[in-house]
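Thanks for coming. I will take a few minutes on one structure, which you will see in a moment.

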Amino acid sequence: MKYQLIIMAMLFSFASFGQPNQKPEDEIREQIAAAVASLQVSPEEIASITNRTITEGKDSINIRIYSPASTGNFPIVYYVHGGVWVAGDLNTHDNICRAISKHLQAVVVAVDYRRPPEYKFPTAFTDTYTIFKWVAAHAKELNGNGTIFVAGDSAGGQLVASLCQANQSESRKIPIAAQILINPATDLRNSSTSYKLYGDIIDWYLKEGDNKNDFRISPLVGDNISGLPPAIIIVGEHDELRSEGEAYHQRLQSRNIKSFLFVHPSAGHLAAYWCAAHEVAMPALAFIIDTVRENFVKK
């Protein structure tokens, strides 16, 4: 709740927050990082964590690789962080990436995509998709076993859902075992819940004239739905974004795509609790782990 109050207050009262001359995007980033840290959750111990920088053309994108053991081959989870598009990074989501790696026994690759307002659409999407393709091309080097999941929370869930649709439109698709969406935003059009909640930041994210019906922006209304990978979707019982996650679940099911929906009891937007792998978020994580093991991991 504290995390949500920070975001909502800052979105609608920029003038009353922050230090003199501090940019509002920096204030939001600092406050989100502080909210995660304030939960004081001890990080899971895992075998190794490696930071790398991937260069594609003129662009350099940072990633962090989490390995559950020093030897063996594992599923790969490609993770895209949330943070209302403008915030979140490898550090805010370090705990949850460690937890996924340990409890799923998977290699987790997290991407540090460039964020608005410094980098407008489609930069975040392009960075996310570029590193997804890099992960697939280097799966053997990463000790992957041939199974790739893609996962993201909140704004990261939007980017992951869009990534899957982009991959679906390719003539040579990269196999994705499942898309895992936690509290996803799936519709950024002006009439959407996401826009009503975060319109100021969405306006930072997009350029004037960007088509909000583009699947890279609003995957809920994208055309590349048929043939998408199965989904695991987490929504909070009291989250205002719940409707967008449920709408995406229903749209997938309408195209005969398997989708597993978990309504997290008594929860709002998990936000910092999810990032920190706090006990509040454990029912959601347990549902993801159990669903992956029962349906997508070779026995």
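The salt bridges in this predicted model come to 12 by the rule used here. As background, side chains of opposite charge can pair when their charged atoms come close. I will go through some of them.

Start with Asp94 and Arg98, whose side chains meet in a salt bridge, N to O at 2.7 Å. Both residues sit in helix α3, residues 94–104, four residues apart, which is about one turn of the helix. Asp94 and Arg98 are both buried.

Next, Arg114 and Asp127 form a salt bridge with an N to O distance of 2.9 Å. Arg114 is in the loop between β4 (107–112) and α4 (123–137), while Asp127 is in helix α4, so this pair ties together parts that are 13 residues apart in sequence. Asp127 has a relative accessible area of 1% and is buried.

A further pair is Asp214 with Arg216, where the closest N and O atoms are 2.7 Å apart. Are these two buried or exposed? Asp214 counts as buried at 18% relative accessibility, because buried means under 20%. Arg216, at 26%, is partly exposed.

There is also a network of salt bridges, linking Asp26, Arg29 and Glu118.

Now to the strands. Strand β7, residues 231–236, runs parallel to strand β8, residues 259–264, and six bridges join them. Within that pairing, Ile233 has Leu261 in β8 as its bridge partner. Together with helix α7, residues 242–254, β7 and β8 make a β-α-β unit, and this unit is right-handed.

That is what I had to show.

Methods
Residues are numbered from 1 along each chain as its sequence is written. This is a predicted model: local features need pLDDT of at least 70, side-chain atom pairs count only at pLDDT 80 or more; totals for chains, interfaces and linings use all residues. Side-chain values use heavy atoms; hydrogens and water are left out. Two strands pair if DSSP finds at least two bridges between them. Helices (H or I, at least four residues) and strands (E, at least two) are DSSP runs, numbered from the N terminus. A crossover is right-handed if, with the strands pointing away from the viewer, the path from the first strand over the helix to the second runs clockwise. A salt bridge is a side-chain nitrogen of Lys or Arg within 4 Å of a carboxyl oxygen of Asp or Glu. Buried means under 20% relative accessible area, exposed over 50%, partly exposed in between (1.4 Å probe, protein chains only).
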